[in-house]
Amino acid sequence: MLVVMQHGATQAQVDGVVRTIEEMGYQARAMPGAQRTAVGLVGNDGRVDSSRIEALEGVAQVIHVSQPYKQVSREWRPENTIVTIAPGVAFGGDEIPVIAGPCSVESEEQILAAARAVRDAGAVALRGGAFKPRSSPYAFQGLGRKGLELLAIAREETGLAIVTEAMDDEGAHLVAEFADCIQIGARNMQNYSLLRSVGRIGKPVLLKRGLAATINDLLLSAEYILAEGNSQVILCERGVRSFDPAVRNMFDLTAVPLVHKLSHLPIIADPSHGTGLRDKVTPMARAAIAAGADGVMVEVHPTPERALSDGGQSLYPDQFASLVRELRAIAGAIGRTLAVQPGTRSAARV
Ligand code: PEP
Ligand code: MN
């Protein structure tokens with residue numbers, strides 16, 4: 001439930017609403033906004049008697065959020081949430097950041113080569129898994145802590161923000177020490193204790209859509225993170241399982257306008273896992289930007305044929321460089337721009 005204050009309501013009136021909500025046994029979240037101040041009632045509000053709140057001084061309106069997710073919904077917050085993971089790397093505004101890098105961190109040489117290549121091509125964030133959720137327990141599982149240390153070296157050298165996956169609570173605390181944004185992978189989208197954990201850690205989170213998750217499931221998973229007080233959540237469409245073995249997953253770009261309608265959170269697209277095939281990545285990345293995605297995440301490897309995971313869907317560095325040039329033109333056509341690394345602004349215009 002959302003209590004919208006009158007225009008010009010005083011702080012004392014806002015405090016009065018907060019106090020009443022707390023007296024009723026709920027948590028209150030005051031949200032000063034550009035247009036209005038609102039106070040959210042956090043929790044299952046099905047039985048709340050709103051007449052007590054409606055009668056308080058300074059209250060304009062009480063809105064019952066109709067969706068099962070509350071804080072994630074547009075009803076709760078009409079303005080877009082902008083999630084800034086590092087200086088100049090903000091998701092949800094007019095600028096579109098590109099995240100790129102290998103599926104897994106494999107060695108210092110590999111991650112540094114990948115980082116330099118994607119930075120030179122125009123990416124502003126580096127991806128690379130140190131903890132890998134592989135379908136087989138016998139497949140490469142990632143370098144763990146060593147992988148995180150290598151990502152930190154790559155950030156130091158290139159200035160790229162770091163996005164990397166955590167698979168459990170302990171890993172999430174470790175990832176938070178090294179990364180700018182904690183990725184929750186498709187297989188863990190409904191790992192509710194992990195969602196609560198990253199909610200409490202408070203760092204930006206990249207939440208990927210589950211393999212068979214509906215948009216409603218995705219938004220409810222995001223709600224777990226916001227319910228712990230962390231609103232820095234970026235959603236990610238990465239394809240869902242389908243009946244058709246022609247592609248690894250079915251890349252569902254309708255998710256982008258759907259999420260924009262239902263939620264204030266930014267949504268990016270991952271055409272690498274979304275298609276699973278290198279030659280399908282470029283067209284679908286272009287389509288994602290055209291559809292309004294707030295970012296793209298693309299797998300790029302210096303030598304994909306030698307990759308320890310997902311080589312078949314990883315772009316070669318020169319393919320990625322052409323893709324970024326195309327994405328810049330598409331973003332311009334819809335009134336947006338690709339984000340550039342701070343300090344390289346004039347160079348990126350040419
Ligand atoms: C990844 O980003 O490398 C990954 C494992 O993605 P997903 O969780 O979407 O399968
Ligand atoms: Mn991968």
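This is a predicted model: local features need pLDDT of at least 70, side-chain atom pairs count only at pLDDT 80 or more; totals for chains, interfaces and linings use all residues.
Cys 103 and His 273 bring together distant parts of the chain, being 170 residues apart. Cys 103 sits in the loop between strand S8 (98-101) and helix H3 (108-121), while His 273 belongs to helix H9 (residues 271-275).

Next come the helix pairs. Two packed helices are described by the angle between their axes and the distance between the axes. Helix H4 (residues 145-158) takes part in both pairs below.

| Helix pair | Axes come within | Crossing angle |
|---|---|---|
| H3 and H4 | 9 Å | roughly 35 degrees |
| H4 and H5 | 9 Å | roughly 20 degrees |

For H3 and H4 the crossing is right-handed. On the H3 side, the contact is made by Glu 108, Ile 111, Leu 112, Ala 115, Arg 116 and Arg 119. These residues meet Leu 150, Leu 151, Ile 153, Ala 154, Glu 157 and Thr 158 in H4. By class, the H3 contact with H4 contains seven nonpolar residues, one polar and four charged.

H4 also packs with helix H5 (residues 169-178). Angles under 35 degrees count as roughly parallel, and the axes of H4 and H5 cross at roughly 20 degrees, so the two helices are roughly parallel to each other. Their crossing is right-handed. Here H4 contributes Arg 145, Leu 148, Glu 149, Ala 152 and Arg 155, which meet Leu 174, Val 175 and Phe 178 of H5. This contact has five nonpolar and three charged residues, with no polar ones.

**Helix H10 and Thr 282**

Which residues of H10 are buried? They are Val 281, Thr 282, Ala 285, Ala 288 and Ile 289. An α-helix has 3.6 residues a turn, so residues three or four places apart point the same way. The buried residues of H10 pack against strand S7 (95-96), strand S14 (267-269), H9, strand S15 (296-299) and helix H11 (317-333).

Not counting residues up to four places away in sequence, Thr 282 touches Leu 315, Leu 323 and Glu 326. After H10 comes Gly 292, whose phi is positive, near 105 degrees.

**Val 62 in strand S4**

The last stop is Val 62, in strand S4 (residues 59-63). Val 62 is buried, with a relative accessible area of 12%. Leaving aside neighbours within four places in sequence, Val 62 is in contact with Met 1, Leu 2, Ser 50, Ile 53 and Glu 54. As for Val 62 and Ser 314, they are 252 residues apart along the chain, and their C-alpha atoms are separated by 49 Å.

Technical notes. Residues are numbered from 1 along each chain as its sequence is written. Chains are lettered from A and ligands numbered from 1 in the order in which they are written. Side-chain values use heavy atoms; hydrogens and water are left out. Axes are lines fitted to C-alpha atoms, for helices over the stretch in contact, and angles run from 0 to 180 degrees between N-to-C directions. Helices (H or I, at least four residues) and strands (E, at least two) are DSSP runs, numbered from the N terminus. Angles under 35 degrees count as roughly parallel, over 145 as roughly antiparallel, 65 to 115 as roughly perpendicular and the rest as oblique. A crossing is left-handed if the near helix is turned anticlockwise from the far one by less than a right angle, and right-handed if clockwise. Contact means heavy atoms within 4.5 Å. Ala, Val, Leu, Ile, Met, Phe, Trp, Tyr, Cys and Pro count as nonpolar, Asp, Glu, Lys and Arg as charged, and the others, Gly among them, as polar. Buried means under 20% relative accessible area, exposed over 50%, partly exposed in between (1.4 Å probe, protein chains only).
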